Amino acid sequence: GIFGQNVPRLEDPDLLVGRARFVDDIHLPGLLEAAFLRSPHAHAMIRGVDKTAALALPGVHAVFTLADLKPHLTTERLAVALPAPSYKQILDRPILASDEVVHVGEPVAIVVADNRYVAEDAVALLDVDYDPLPAAVDCKQALAAGAPRAHSHSPHNLAAEFTMAFGDVDAAVAGAAHVFRESLWQHRGGSHSIECRGVVAYHEPVEDRLTVWSSTQTPHAAARILCDLFGRDENRVRVIAPDVGGGFGPKLVFYPEDVSVALAAMLLKRPVKWIEDRYEHFVATTQERDQYWDVEIAVDAEARILGVRGSLIHDHGAYTARGVNVPYGSAAAMTLCYQVPAYRLDVKLAVTNKVPVTPVRGAGQPQGVFAMERLLDRVARELSLDRAEVRRRNLIPKAKMPYATPLKTRGGMQVVLDSGDYPACQRMALQRADWDGFAARQNAAR
C-alpha cells in the first residue's frame, strides 16, 4: 500500500528543470495571435463598432464581433450555470457582448493578427460607440429599492435566494443568557495563478478535427461545450490541458475567449493563440466573494452555543458563470466543527456590474468559517474567556463521532462528520504554537 510511503509526484522532475510545456510553449506553423477589445465601462449600451482603421492595419487578418461569429454558432450564449432551485434569474454570458456590456473587461471583439503586438495596436484602433449607464457596484446596495439594474433587461438585481436552517433558532435566541451580533464584510479577491489563462486552437482540415490546447482544469467539459456550440460530433473536437501553472477554481470555468479563439481558427483556417495578460486576468477571469454577513450567536452562561442566525448577501457578479455553490458552501461550512443545536442563515445573491464570481480555493467555505470564528471571538471577549477555551467548550467531541449534522449537500445528501478528535487536535496545535506564552510574546513585541 501507499500509506506511510513517500511517493514522488510524477510531474515534478519536468517542472523543476524547465521541461514543462504550458500553453504559451505551443508553437504551430502559420500561428496567428489574438487580442480582445474589452469594455472600459462597468455598464453601457453598445451603439456600434467601427472596424475600418483596425482592418487597414498591416498584419491584421480579421476583426470578429458577435455578428460575425453568430452564423457559426448554435447559440450566442454560454449556458454553464449549475442547476439550482434558488435561481430568480439566469444570466448567461454572451460569446462576445453585442448590445450591452455589464462589467469592465467584458470582451466585445477579437482581433487576429500576425502577432500580439499588431493585434493590440488594432484593438486600440477599434472605435466603439458606448452609451454609459448607471452601474450596480456594491452587492448590498444593489438589492436596495431603486438601485440601478446591472442588466437593462432584468427586473431586479436578485440572482438567487435560499435559506439554510435547522432547529428552533428563534427560541434559542429568546432563551439565551447572552446574544452577540456581528456585521462582517469579506471583500473580493482573485486567484492569480502564476500562469494566466491561455488558448491555442487549430482546425485540421483533412479529418475536420478541431484541437484546442487550454490552460483549463476541465478539458472534458470544455470539449463538450465546444461540441454543443459548434454543432460538431465529439470525435471532431479535442481539448488538451498541457501543464497548467495554477488553477485554483477560475480555470474550472469555460470562458467567451475559449469559444472566440477556437472559432477564429476555424474561420481563418490558421492556428490561433491567445495568452491572457495580467491586466486581463484582473478584469476578465472570474473572482471570489464580496460578502456581507449580519449574524448573531446565542450562548448559555457557560459560553456553550445555543443557536446561530443571520443573513448573507453574496456578490454574484454580472453573470452566472458557475452556480450558487460559493454562498452555499459559506452557509454550510459555518457551523461544521462545532455543536450548534439551531441555525438559520438567509442567503441572497446579488447581480452587480463586476466580474462574475465563481469558486476560488475552498468555494466559499473559508468565508463561512471566518464568520463563525469572529462570533466565537466576540463571545470570548464579552465573557472574559480565553479564545481557545471558548472553542474547546463547543468543539464536537470524539465520543460523538460519527456526527450526523442536520445539514445537507446541494445534492441532498446528509452531511456526516465521519471521524476525528477535534479537541485533541486543538490541544496539539495550542501546544506546538505555545499558545499559553502568546500574551507575553505579544507584550514583548509591542
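1. The open sheet has seven strands, in the order S3-S7-S1-S14-S11-S12-S13, with mixed pairing. Strands here are DSSP E runs of at least two residues, and helices are H or I runs of at least four, numbered from the N terminus. Two strands pair if DSSP finds at least two bridges between them. This is a predicted model: local features need pLDDT of at least 70, side-chain atom pairs count only at pLDDT 80 or more, and totals for chains, interfaces and linings use all residues. Residues are numbered from 1 along each chain as its sequence is written, and side-chain values use heavy atoms, without hydrogens and water.

2. S1 (residues 32-38) pairs with S14 (residues 272-275) in the parallel sense, over two bridges. Glu-33 stands opposite Lys-273 in S14.

3. Helix H4 (residues 116-125) packs on the sheet and touches S1, S3, S7 (107-113) and S14. Contact means heavy atoms within 4.5 Å. The direction of H4 makes about 25 degrees with that of S1. Angles run from 0 to 180 degrees between N-to-C directions, with axes fitted to C-alpha atoms, for helices over the stretch in contact.

4. The largest nonpolar core holds 49 residues. Such a core is a set of buried Ala, Val, Leu, Ile, Met, Phe, Trp, Tyr and Cys residues joined through side-chain atoms within 4.5 Å. Buried means under 20% relative accessible area (1.4 Å probe, protein chains only). Trp-293 and Val-308 are among the residues touching the most other members.

5. A second, separate core of 37 residues includes Leu-69, Leu-78, Val-261 and Met-266.

Definitions and conventions. Buried means under 20% relative accessible area, exposed over 50%, partly exposed in between (1.4 Å probe, protein chains only).
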